Amino acid sequence: MENPLAFLQNAGATDLGFSPLDAIVVLGLSFILTALIGWVYRATHTGKHYSQSYVQTLVIMGTVVSLTILIIGSNVARAFAMVGALSIVRFRNSMKETRDLGFIFMSMSIGMAVGVQAYGLAVFAALALCLLVFIMHSFKFFRRRHPAYRLQVRLPLELNPESVFQNTFDRLLRSHRLLSLETVRAGVLQEACYDVVLKPEATAQGLIEAIQQYNGNQKIILFLATDIDDLLNNEK
């Protein structure tokens, strides 16, 4: 009986220019490498919108791209046919986090490398990119030294929101800016919204307690500026 590997190498060979064994290797390796990327994404994800479906899509996308590249090969006609087929696809889902787009391109690039059968490059690139992601995540590269907050405060109409907290802000904040002012509770109260940055020695709880001394224990909301988009999306 013919050796199984030799059978796969020769059986079913077509004008596509690759054997079933080539397809198995390409699909298997691309699946393993893109699954590694998916695992790194899950391990380093810090946002609020983690999606199992998105991670599975990363793996599927990288694997499909590798097969697509293998099928196209160096055939220009197939390349144009594939472009025409993909041009009718429309993607309308917006990215919750810009970081997700980087992982999509990472998965596609690894799939392309496997598809052209540059296996060594694909393995090296996948390991190197995953290591870089882990390093940036572990050492918190590019993190702001002083987190920015959005502060919403309700206070009586007779108080001036631009000056009532001036001493407190000078003591606890590196910077602050009044963004908006509106009346609430049928015009009984006013609500001021500020962008604020705490000093290193100050705390969010300390800021809230200091403001409560001026606004009569009315409603105070303080949240990280990175959560603003999440809150706005939830309100829509």
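## Terms and model

Buried means under 20% relative accessible area, exposed means over 50%, and partly exposed falls in between (1.4 Å probe, protein chains only). This is a predicted model: local features need pLDDT of at least 70, side-chain atom pairs count only at pLDDT 80 or more, and totals for chains, interfaces and linings use all residues. Residues are numbered from 1 along each chain as its sequence is written, and side-chain values use heavy atoms, with hydrogens and water left out.

## Two nonpolar cores

A nonpolar core is a set of buried Ala, Val, Leu, Ile, Met, Phe, Trp, Tyr and Cys residues joined through side-chain atoms within 4.5 Å. The largest one has 23 residues. Leu33, Ile37, Tyr54, Phe103, Ile110 and Val114 have the most contacts inside it. At least two residues each come from α2 (20–44), α3 (52–72), α5 (98–115) and α6 (119–138). The largest share, seven residues, is from α2. Helices (H or I, at least four residues) and strands (E, at least two) are DSSP runs, numbered from the N terminus.

## Aromatic pairs

Rings of Phe, Tyr and Trp (its six-membered ring) pair if their centres lie within 6.5 Å; planes under 30 degrees apart count as stacked, over 60 as edge-to-face and the rest as tilted. The structure holds nine such pairs. Trp39 and Phe134 form a tilted one, with 5.7 Å centre to centre and 50° between the planes. Trp39 sits in helix α2 and Phe134 in helix α6, 95 residues apart. Trp39 is partly exposed at 44% relative accessibility. Phe134 is also partly exposed, at 27%.

Phe165 and Tyr214 make an edge-to-face pair, because their ring centres are 6.0 Å apart and their planes stand at 85°. Phe165 is buried, at 1% relative accessibility. Tyr214 is partly exposed, with a relative accessible area of 34%. Elsewhere, ring pairs link Tyr41, Tyr50, Tyr54 and Phe103 into a cluster.

## The sheet

Four strands form an open sheet in the order β2-β3-β1-β4, with antiparallel pairing. Two strands pair if DSSP finds at least two bridges between them. β2 (173–184) and β4 (220–224) are at the edges with a single partner strand each, so one side of each has no neighbour in the sheet. β2 and strand β3 (residues 189–198) pair over 10 bridges. Arg177 stands opposite Asp195 in β3.
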